[in-house]
Amino acid sequence: MKSHVVGIDIGGTKLATVLADKDGNILQKVRKPTESEKGPQHAVQLLLNMVDEVLNLSGLSRENISGIGVSCGGPLDTKTGVVYSPPNLPGWDALPLKDMIESELHIPTVLENDANASALAEARFGGGRGYDYVLYMTMSTGIGGGIVVNGEIYHGANDSAGEVGHQILLPDGPLCGCGKQGCLEALCSGPSIARRAQEAIADQSNTSILKLTGGQINRVRSEHVLQAARNGDALAVALIEETAYYMGWGIANLVNILNPEIVLLGTIAVAAGDLLLNPIRRTVSEMAMQRPSEMAKIMPAELGDSIGDLAAISLVI
Ligand SMILES: [Zn+2]
(Lines give C-alpha, C1' and ligand atoms only; values in the text may rest on other atoms or scores of the structure.)
Protein backbone atom coordinates (compact mmCIF):
# COMPACT_ATOMS: atom_id res chain seq x y z
CA MET A 1 0.00 0.00 0.00
CA LYS A 2 1.26 3.49 -0.85
CA SER A 3 0.98 4.70 2.71
CA HIS A 4 3.98 7.03 3.04
CA VAL A 5 5.92 9.84 1.35
CA VAL A 6 9.59 10.79 1.16
CA GLY A 7 11.00 14.31 1.34
CA ILE A 8 14.43 15.39 0.14
CA ASP A 9 15.93 18.72 1.23
CA ILE A 10 18.98 19.76 -0.77
CA GLY A 11 21.18 22.49 0.67
CA GLY A 12 24.64 23.72 -0.23
CA THR A 13 26.14 22.16 2.88
CA LYS A 14 23.78 19.33 3.85
CA LEU A 15 21.34 16.87 2.38
CA ALA A 16 18.38 15.51 4.34
CA THR A 17 15.98 12.73 3.51
CA VAL A 18 12.85 12.12 5.58
CA LEU A 19 10.11 9.55 5.59
CA ALA A 20 6.63 10.68 6.66
CA ASP A 21 3.12 9.33 6.86
CA LYS A 22 0.27 10.91 4.90
CA ASP A 23 -0.52 13.27 7.80
CA GLY A 24 2.95 14.79 7.66
CA ASN A 25 4.37 13.07 10.72
CA ILE A 26 8.12 12.64 10.21
CA LEU A 27 9.05 9.04 11.06
CA GLN A 28 12.67 8.77 9.93
CA LYS A 29 15.39 11.18 8.94
CA VAL A 30 18.90 10.78 7.52
CA ARG A 31 21.34 13.65 7.04
CA LYS A 32 24.65 13.80 5.19
CA PRO A 33 27.02 16.57 4.06
CA THR A 34 26.40 17.63 0.44
CA GLU A 35 30.14 17.65 -0.36
CA SER A 36 29.21 20.00 -3.18
CA GLU A 37 32.84 20.12 -4.38
CA LYS A 38 32.41 16.50 -5.55
CA GLY A 39 29.74 17.56 -8.02
CA PRO A 40 26.07 16.79 -8.62
CA GLN A 41 26.43 13.10 -9.62
CA HIS A 42 27.98 12.35 -6.23
CA ALA A 43 25.25 14.24 -4.34
CA VAL A 44 22.43 12.57 -6.29
CA GLN A 45 23.89 9.12 -5.65
CA LEU A 46 24.08 9.99 -1.93
CA LEU A 47 20.40 11.04 -2.03
CA LEU A 48 19.31 7.82 -3.75
CA ASN A 49 21.14 5.81 -1.08
CA MET A 50 19.57 7.96 1.66
CA VAL A 51 16.07 7.21 0.35
CA ASP A 52 16.76 3.48 0.64
CA GLU A 53 18.23 4.10 4.08
CA VAL A 54 15.06 5.76 5.48
CA LEU A 55 13.00 2.96 3.94
CA ASN A 56 15.19 0.29 5.56
CA LEU A 57 15.05 2.06 8.92
CA SER A 58 11.25 1.92 8.86
CA GLY A 59 10.88 -1.55 7.36
CA LEU A 60 9.16 -0.18 4.25
CA SER A 61 9.91 -0.67 0.56
CA ARG A 62 9.75 1.60 -2.50
CA GLU A 63 6.27 0.20 -3.24
CA ASN A 64 4.96 1.89 -0.07
CA ILE A 65 5.93 5.39 -1.24
CA SER A 66 3.36 7.42 -3.16
CA GLY A 67 5.71 10.27 -4.03
CA ILE A 68 9.01 12.04 -3.41
CA GLY A 69 9.09 15.80 -2.81
CA VAL A 70 12.39 17.55 -3.48
CA SER A 71 13.10 21.01 -2.09
CA CYS A 72 16.16 22.63 -3.67
CA GLY A 73 17.59 26.09 -4.21
CA GLY A 74 16.47 27.64 -7.50
CA PRO A 75 16.41 28.56 -10.28
CA LEU A 76 14.71 25.41 -11.47
CA ASP A 77 11.86 24.28 -13.73
CA THR A 78 9.07 22.56 -11.83
CA LYS A 79 7.47 21.16 -15.02
CA THR A 80 10.57 19.46 -16.42
CA GLY A 81 12.26 18.90 -13.04
CA VAL A 82 15.54 20.46 -14.18
CA VAL A 83 17.80 22.46 -11.82
CA TYR A 84 19.66 25.47 -13.27
CA SER A 85 22.86 26.49 -11.45
CA PRO A 86 21.72 27.40 -7.91
CA PRO A 87 24.33 29.75 -6.39
CA ASN A 88 24.94 27.33 -3.48
CA LEU A 89 25.35 24.23 -5.71
CA PRO A 90 28.25 24.72 -8.11
CA GLY A 91 28.13 22.44 -11.16
CA TRP A 92 24.37 21.80 -11.01
CA ASP A 93 23.92 23.18 -14.53
CA ALA A 94 20.75 22.03 -16.30
CA LEU A 95 20.68 18.94 -14.08
CA PRO A 96 17.62 16.72 -14.83
CA LEU A 97 17.13 15.91 -11.16
CA LYS A 98 13.54 14.65 -11.36
CA ASP A 99 14.41 12.22 -14.19
CA MET A 100 17.53 11.03 -12.37
CA ILE A 101 15.50 10.17 -9.25
CA GLU A 102 12.52 8.67 -11.06
CA SER A 103 14.58 6.48 -13.42
CA GLU A 104 16.42 4.98 -10.47
CA LEU A 105 13.67 4.66 -7.84
CA HIS A 106 10.51 4.47 -10.01
CA ILE A 107 8.60 6.76 -7.63
CA PRO A 108 6.81 9.93 -8.90
CA THR A 109 8.93 12.93 -7.93
CA VAL A 110 8.05 16.63 -7.55
CA LEU A 111 10.76 19.30 -7.61
CA GLU A 112 10.23 22.74 -6.08
CA ASN A 113 12.42 25.67 -5.07
CA ASP A 114 13.05 25.78 -1.35
CA ALA A 115 11.36 29.13 -0.67
CA ASN A 116 8.13 28.04 -2.40
CA ALA A 117 8.22 24.66 -0.68
CA SER A 118 8.71 26.38 2.69
CA ALA A 119 5.75 28.66 1.95
CA LEU A 120 3.61 25.60 1.19
CA ALA A 121 4.76 23.92 4.42
CA GLU A 122 3.83 27.02 6.46
CA ALA A 123 0.46 27.17 4.68
CA ARG A 124 -0.26 23.46 5.33
CA PHE A 125 1.34 22.81 8.71
CA GLY A 126 2.39 26.17 10.19
CA GLY A 127 1.09 29.67 10.70
CA GLY A 128 -0.89 29.65 7.46
CA ARG A 129 -3.25 26.81 8.45
CA GLY A 130 -6.85 27.80 7.79
CA TYR A 131 -5.96 30.66 5.44
CA ASP A 132 -6.51 30.63 1.65
CA TYR A 133 -4.17 33.52 0.75
CA VAL A 134 -0.76 33.11 2.37
CA LEU A 135 2.41 35.11 1.77
CA TYR A 136 5.57 33.70 3.33
CA MET A 137 8.84 35.60 3.57
CA THR A 138 12.03 34.45 5.19
CA MET A 139 14.65 36.83 6.57
CA SER A 140 17.97 35.02 6.76
CA THR A 141 21.07 35.13 4.53
CA GLY A 142 18.64 36.29 1.84
CA ILE A 143 15.01 37.33 1.68
CA GLY A 144 13.06 34.66 -0.14
CA GLY A 145 9.36 34.05 -0.31
CA GLY A 146 6.44 32.16 -1.66
CA ILE A 147 2.79 32.82 -2.43
CA VAL A 148 0.23 30.10 -1.66
CA VAL A 149 -3.34 30.49 -2.91
CA ASN A 150 -5.97 27.91 -1.95
CA GLY A 151 -3.27 25.42 -1.00
CA GLU A 152 -1.33 25.80 -4.28
CA ILE A 153 1.96 27.58 -4.90
CA TYR A 154 1.69 30.53 -7.31
CA HIS A 155 4.59 29.88 -9.73
CA GLY A 156 4.17 32.55 -12.40
CA ALA A 157 4.92 31.86 -16.07
CA ASN A 158 8.33 30.22 -15.61
CA ASP A 159 8.68 29.52 -11.88
CA SER A 160 10.01 32.97 -11.07
CA ALA A 161 7.16 34.33 -8.94
CA GLY A 162 7.66 35.08 -5.27
CA GLU A 163 11.02 36.88 -5.49
CA VAL A 164 9.88 39.21 -2.74
CA GLY A 165 13.43 40.13 -1.71
CA HIS A 166 14.35 41.64 -5.07
CA GLN A 167 11.77 44.40 -5.19
CA ILE A 168 13.79 47.60 -5.46
CA LEU A 169 13.20 50.17 -2.73
CA LEU A 170 16.26 52.41 -3.19
CA PRO A 171 17.47 52.62 -6.83
CA ASP A 172 20.81 54.05 -5.68
CA GLY A 173 20.98 51.78 -2.63
CA PRO A 174 23.47 49.06 -1.70
CA LEU A 175 24.42 46.37 -4.22
CA CYS A 176 22.34 43.19 -3.99
CA GLY A 177 23.45 39.60 -4.62
CA CYS A 178 21.23 39.61 -7.73
CA GLY A 179 23.36 42.34 -9.31
CA LYS A 180 20.81 45.17 -8.93
CA GLN A 181 20.90 47.98 -6.38
CA GLY A 182 18.71 48.74 -3.39
CA CYS A 183 16.65 45.54 -3.26
CA LEU A 184 14.80 44.74 -0.02
CA GLU A 185 17.29 41.88 0.44
CA ALA A 186 20.23 44.29 0.22
CA LEU A 187 18.71 46.22 3.15
CA CYS A 188 17.11 43.62 5.45
CA SER A 189 18.78 40.21 5.06
CA GLY A 190 20.96 39.10 8.00
CA PRO A 191 24.22 40.12 6.26
CA SER A 192 22.63 43.43 5.16
CA ILE A 193 21.56 44.26 8.72
CA ALA A 194 25.10 43.41 9.87
CA ARG A 195 26.62 45.65 7.15
CA ARG A 196 24.38 48.60 8.10
CA ALA A 197 25.28 48.03 11.76
CA GLN A 198 29.01 47.97 10.99
CA GLU A 199 28.74 51.22 9.00
CA ALA A 200 26.76 52.89 11.78
CA ILE A 201 29.19 51.74 14.47
CA ALA A 202 32.14 53.09 12.46
CA ASP A 203 30.47 56.52 12.61
CA GLN A 204 29.39 56.29 16.25
CA SER A 205 31.22 53.74 18.37
CA ASN A 206 29.29 54.47 21.59
CA THR A 207 27.16 51.33 21.47
CA SER A 208 26.88 48.15 23.50
CA ILE A 209 26.69 46.13 20.26
CA LEU A 210 30.50 46.11 20.27
CA LYS A 211 30.64 44.62 23.78
CA LEU A 212 28.96 41.52 22.32
CA THR A 213 31.75 41.00 19.79
CA GLY A 214 34.77 41.78 21.97
CA GLY A 215 35.07 45.22 20.38
CA GLN A 216 35.45 43.91 16.83
CA ILE A 217 33.28 45.72 14.30
CA ASN A 218 33.76 43.09 11.57
CA ARG A 219 32.31 40.39 13.84
CA VAL A 220 28.99 42.21 14.29
CA ARG A 221 26.04 40.08 13.10
CA SER A 222 22.31 40.70 13.01
CA GLU A 223 21.87 38.65 16.21
CA HIS A 224 24.17 41.05 18.10
CA VAL A 225 22.04 43.97 16.93
CA LEU A 226 18.90 42.18 18.14
CA GLN A 227 20.40 41.36 21.51
CA ALA A 228 21.65 44.92 22.05
CA ALA A 229 18.27 46.32 20.99
CA ARG A 230 16.56 44.10 23.58
CA ASN A 231 18.88 45.64 26.18
CA GLY A 232 17.80 49.11 25.07
CA ASP A 233 20.95 50.16 23.20
CA ALA A 234 19.94 53.30 21.27
CA LEU A 235 21.91 52.57 18.10
CA ALA A 236 20.68 48.96 17.97
CA VAL A 237 17.07 50.08 18.48
CA ALA A 238 17.49 52.58 15.63
CA LEU A 239 18.90 49.84 13.37
CA ILE A 240 15.96 47.55 14.16
CA GLU A 241 13.51 50.41 13.51
CA GLU A 242 15.22 51.07 10.17
CA THR A 243 15.04 47.35 9.28
CA ALA A 244 11.35 47.30 10.21
CA TYR A 245 10.75 50.41 8.10
CA TYR A 246 12.24 48.81 4.95
CA MET A 247 10.54 45.46 5.64
CA GLY A 248 7.23 47.21 6.24
CA TRP A 249 7.66 49.18 3.02
CA GLY A 250 8.33 45.98 1.05
CA ILE A 251 5.42 44.16 2.70
CA ALA A 252 3.08 47.11 2.06
CA ASN A 253 3.88 46.83 -1.68
CA LEU A 254 3.10 43.10 -1.57
CA VAL A 255 -0.07 43.60 0.49
CA ASN A 256 -1.35 46.09 -2.11
CA ILE A 257 -0.55 43.76 -5.01
CA LEU A 258 -1.46 40.35 -3.56
CA ASN A 259 -4.07 41.10 -0.88
CA PRO A 260 -3.00 38.22 1.41
CA GLU A 261 -4.88 37.21 4.55
CA ILE A 262 -1.67 36.45 6.38
CA VAL A 263 1.98 37.39 5.93
CA LEU A 264 4.33 34.98 7.72
CA LEU A 265 7.88 36.15 8.41
CA GLY A 266 10.62 33.62 9.15
CA THR A 267 14.01 33.32 10.85
CA ILE A 268 15.20 36.79 11.99
CA ALA A 269 11.59 37.95 12.45
CA VAL A 270 10.88 34.87 14.58
CA ALA A 271 13.99 35.49 16.69
CA ALA A 272 13.14 39.19 17.09
CA GLY A 273 9.41 38.80 17.75
CA ASP A 274 7.39 41.93 18.45
CA LEU A 275 10.56 44.03 18.73
CA LEU A 276 10.68 43.85 14.92
CA LEU A 277 7.11 42.79 14.10
CA ASN A 278 5.34 45.71 15.80
CA PRO A 279 7.21 48.45 13.89
CA ILE A 280 6.75 46.38 10.68
CA ARG A 281 2.98 46.24 11.34
CA ARG A 282 2.93 49.99 12.01
CA THR A 283 4.77 50.73 8.74
CA VAL A 284 2.50 48.45 6.72
CA SER A 285 -0.61 50.10 8.12
CA GLU A 286 0.84 53.52 7.26
CA MET A 287 2.02 52.62 3.75
CA ALA A 288 -0.42 50.05 2.38
CA MET A 289 -3.93 50.82 1.16
CA GLN A 290 -6.57 50.57 3.84
CA ARG A 291 -8.63 47.56 2.67
CA PRO A 292 -5.75 45.12 1.97
CA SER A 293 -3.89 46.41 5.02
CA GLU A 294 -6.83 45.72 7.34
CA MET A 295 -7.04 42.16 5.96
CA ALA A 296 -3.35 41.23 6.26
CA LYS A 297 -2.22 39.80 9.59
CA ILE A 298 1.56 39.97 9.97
CA MET A 299 2.81 37.07 12.08
CA PRO A 300 5.97 35.07 12.77
CA ALA A 301 6.38 31.80 10.86
CA GLU A 302 5.76 28.76 13.07
CA LEU A 303 7.75 25.81 11.77
CA GLY A 304 11.27 26.83 12.82
CA ASP A 305 14.01 24.30 12.14
CA SER A 306 11.57 21.63 10.99
CA ILE A 307 10.58 23.68 7.94
CA GLY A 308 13.09 22.00 5.58
CA ASP A 309 11.68 18.53 6.27
CA LEU A 310 8.06 19.65 6.07
CA ALA A 311 8.76 21.75 2.95
CA ALA A 312 9.87 18.67 1.01
CA ILE A 313 7.03 16.38 2.12
CA SER A 314 4.33 19.07 1.73
CA LEU A 315 4.97 18.81 -2.04
CA VAL A 316 3.61 15.26 -2.12
CA ILE A 317 0.95 15.24 0.61
ZN1 LIG B 1 18.26 41.82 -5.50
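**View 1. The surroundings of isoleucine 251.** Setting aside neighbours within four places in sequence, isoleucine 251 is in contact with Val263, Ile280, Val284 and Ile298; two residues are in contact if their C-beta atoms, placed from the backbone, lie within 7 Å. This is a predicted model, in which local features need pLDDT of at least 70 and side-chain atom pairs count only at pLDDT 80 or more, while totals for chains, interfaces and linings use all residues. Residues are numbered from 1 along each chain as its sequence is written.

**View 2. The largest nonpolar core.** Here we meet a core of 96 residues, where Ala119, Leu120, Ile209, Val225, Ile251 and Val263 touch the most other members. Such a core is a set of buried Ala, Val, Leu, Ile, Met, Phe, Trp, Tyr and Cys residues joined through C-beta atoms within 7 Å, and buried means that 20 or more other C-beta atoms lie within 10 Å of a residue's own. Helix 7 (residues 234-258) provides the largest share of this core, 12 residues; helices (H or I, at least four residues) and strands (E, at least two) are DSSP runs, numbered from the N terminus.

View 3. Strand 4 (residues 65-72) runs parallel to strand 7, over five bridges, and valine 70 stands opposite leucine 111 in strand 7.

**View 4. Where domain 1 meets domain 2.** The protein chain is divided into domain 1 (4-120 + 306-314) and domain 2 (129-301), with bounds from an automatic or database domain assignment. Their C-alpha centres lie 29 Å apart. Nine residues of domain 1 are in contact with 12 residues of domain 2. On the side of domain 1 that touches domain 2, strand 5 (76-77) and helix 3 (114-125) each supply at least two residues, and helix 3 gives the most, with five.

How values were computed: Pairing = 2+ DSSP bridges. Buried ≥ 20, exposed ≤ 12 C-beta atoms within 10 Å, placed from the backbone.
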